[in-house]
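Dear colleague,

Please find below the structure that I am handing over to you.

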Amino acid sequence: MANVILVGAQWGDEGKGKIIDVLTEQSEIVVRTAGGNNAGHTVYIGRDKYVLHLIPSGILRPGKVCVIGNGVVLDPIGLVKELDGLDKLGVAVSPANLVISETAHVVFPWHRELDGQREIRKGNNKIGTTKRGIGPTYGDKAARVGLRVIDLVNAAKFPGRLRERLAENNEVLRALGAQPLDYDTLLAEYSRAADRLRPFVANTVVLLHEATRRGANILFEGAQGTFLDIDHGTYPYVTSSSTTAGGACTGSGVPPNRMDSVVGVLKAYTTRVGEGPLPTENAEISDLLHGMGREFGATTGRARRCGWFDAVATRHAAMVNGIDELAITNVDGLDTVKRIRVCVAYRVDGKEIRHIPNDCEILARCEPVYQEFPGWETPTDAIRRWEDLPANCRHYVLSLGQLTGARLTIVSVGPAREQTMFI
Ligand code: GDP
Ligand code: IMO
Ligand code: MG
C-alpha cells in the first residue's frame with residue numbers, strides 16, 4: 001500500500017477511525033500527525049466500541065506500530081486515561097506498539113482554562129471548541145514558549161520549567177478572573193503521568209525514516225477535517241492545526257517526496273460540530289439522523305449539525321489535499337431518503353459561484369444550488385458487495401466521486417469492518 005496520507009475531507013467526523021482501522025491491515029505503522037484529544041475516532045470490532053482520542057486507530061490491530069507524531073499536542077493526563085481505558089477493554093499497549101514523539105507539545109490545565117475563557121469572551125461569536133486547550137497549546141508552540149514531551153519526561157528539569165510557565169499563566173488567569181493553579185498539585189500530577197509515559201517516548205522522526213528505508217508501509221492518520229484546517233478551513237471557526245495533507249509531512253517529519261497517495265474520507269452527507277458556516281445545513285436530514293441515534297459527537301457528545309452533501313466544499317478539499325482516492329462512509333444513513341440533494345454551486349449576492357469563499361461572512365450567506373438524486377429506499381447495511389448495492393445508490397456515490405474530482409475506491413454502509421466495500 002506504500003505511504004498513504006488519510007485526511008478528513010469535510011468538517012471532521014467523516015468516519016476516519018473506521019477507515020483507518022480497515023486500511024491498517026495493509027500498513028505496518030500508523031502515525032497521528034496533528035490535533036490532540038479534541039479528536040474522537042470511533043472503531044467497532046464486533047459489538048465492542050472503541051473511541052480513540054490521541055492514540056492512532058491502528059492500535060486495535062495486533063502487531064502494528066502506532067506513532068504519536070511531533071505535530072500532535074498531547075495532554076498527558078488524557079493520554080494516561082486513554083491507555084487505562086484500552087487496558088480495561090483488553091487492548092495491549094506497550095512501547096512495542098506505541099511510540100510518542102519527543103517534540104510533541106504538551107497541553108496543561110491553563111491551556112484548557114484559557115480555551116474556555118476565550119470562548120466566554122467571544123459570546124455569540126464563540127467557536128464552539130472542545131475545550132481541550134488545543135488553541136492555546138498551539139498558540140504557545142508558535143510563540144515558542146511551549147513545553148514539549150522531551151521537557152515533560154526530563155525529571156531533573158521539568159519542575160523548574162513548569163514553575164516558570166505556571167508563573168506567567170497564573171498571572172494571565174488572575175487577570176481574567178479565573179482561579180490560579182497550584183504548582184505542587186500540578187507537578188505531582190504531571191510527574192506521575194511522565195513516569196507512566198517515559199518508556200513510550202522516542203525520536204519518532206528517526207524511527208519513521210528507518211522504517212521508510214526498509215520499505216515499511218506507513219499510514220498517516222489525519223484528525224479533524226479540511227474545513228477545520230488553520231489555513232484552509234472556515235477561519236476563525238477552525239481548529240489550530242494543519243489538518244490537510246501537508247500537515248502529515250510537517251507533523252511527522254516524513255517529507256512530501258516519500259508520500260505515495262492521499263485518501264480522502266467523506267460522509268455521504270455533511271456534518272459539523274461547533275459553530276461556523278455550513279451552507280447545506282438542513283433540519284430534515286438532521287432530524288432523520290438524530291432520530292436514528294446517529295451524529296452525536298464522539299468527544300463531547302454534542303449533537304452534530306447535519307446537512308446535504310456539499311460538492312463545492314469537497315471539490316476544494318480534493319484540491320488542497322491532492323486527494324487521489326475517496327472513501328465514502330455512512331451511505332446507509334440515506335437509506336430512507338426519497339430524494340437526495342447535493343450542493344453543486346452556491347448563490348450569493350445574485351451570482352452563482354463554484355468555489356468556497358474565503359470570507360466566512362460571505363460563506364454564511366451562500367445559498368446552495370442543489371442537484372437532486374433519486375433515493376434507493378432500501379436498507380444497505382447488510383450488503384457486502386458493490387454490485388449488490390441498489391443502482392440508485394451506486395449512481396449516487398459514484399456521482400459524489402465525480403463531483404469531488406477523485407476516484408471512489410471505498411464505500412462504507414455501517415460502522416463495522418465487514419460493512420466496507422472496495423471498488
Ligand atoms: P472520525 O472522527 O472521522 O473517526 O469519525 P467519528 O468516529 O467521530 O464519527 C463517525 C461515526 O460514524 C462513528 O460513530 C462511526 O462508528 C460511524 N460510522 C463510520 N462509518 C459508518 C458507516 O458507513 N455507517 C454507519 N452507520 N456508521 C458509520
Ligand atoms: P475528529 O478527528 C469534528 C471542532 C470543534 C470546534 C473546532 C475547534 O474526530 O474528526 P478545538 O477544540 O479543536 O479548538 O475546536 O473544531 N473539532 C472537531 N469537529 N471532529 C473533530 O475531530 C474535531 N476536532 C475539533 O467542534 O468547532
Ligand atoms: Mg470524530
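**A hairpin and its neighbours**

Strands S16 and S17 form a hairpin with two residues between them, and Asp-349 in the turn has a positive phi of about 50°. Strands here are DSSP runs of E with at least two residues, numbered from the N terminus.

This is a predicted model, in which local features need pLDDT of at least 70 and side-chain atom pairs count only at pLDDT 80 or more, while totals for chains, interfaces and linings use all residues. Residues are numbered from 1 along each chain as its sequence is written, chains are lettered from A and ligands numbered from 1 in the order in which they are written, and side-chain values use heavy atoms, without hydrogens and water.

S16 covers residues 339–348, and seven of its 10 residues are buried (under 20% relative accessible area, with a 1.4 Å probe and protein chains only). Two strands pair if DSSP finds at least two bridges between them. S16 pairs with S17 (residues 351–353) in the antiparallel sense over three bridges, and Arg-347 stands opposite Glu-352. With S18 (residues 367–374), S16 has eight bridges, also antiparallel; here Val-342 faces Gln-371. S14 (residues 309–310) runs parallel to S16, joined by two bridges, and Asp-310 has Cys-343 as its partner.

How many disulfides does the structure hold? There are zero, a disulfide being a pair of cysteine sulfur atoms within 2.5 Å.

Kind regards

Terms used
Buried < 20%, exposed > 50% of the residue type's maximum accessible area, 1.4 Å probe, protein only. Helix = DSSP H or I, 4+ residues; strand = E, 2+ residues; numbered from the N terminus.
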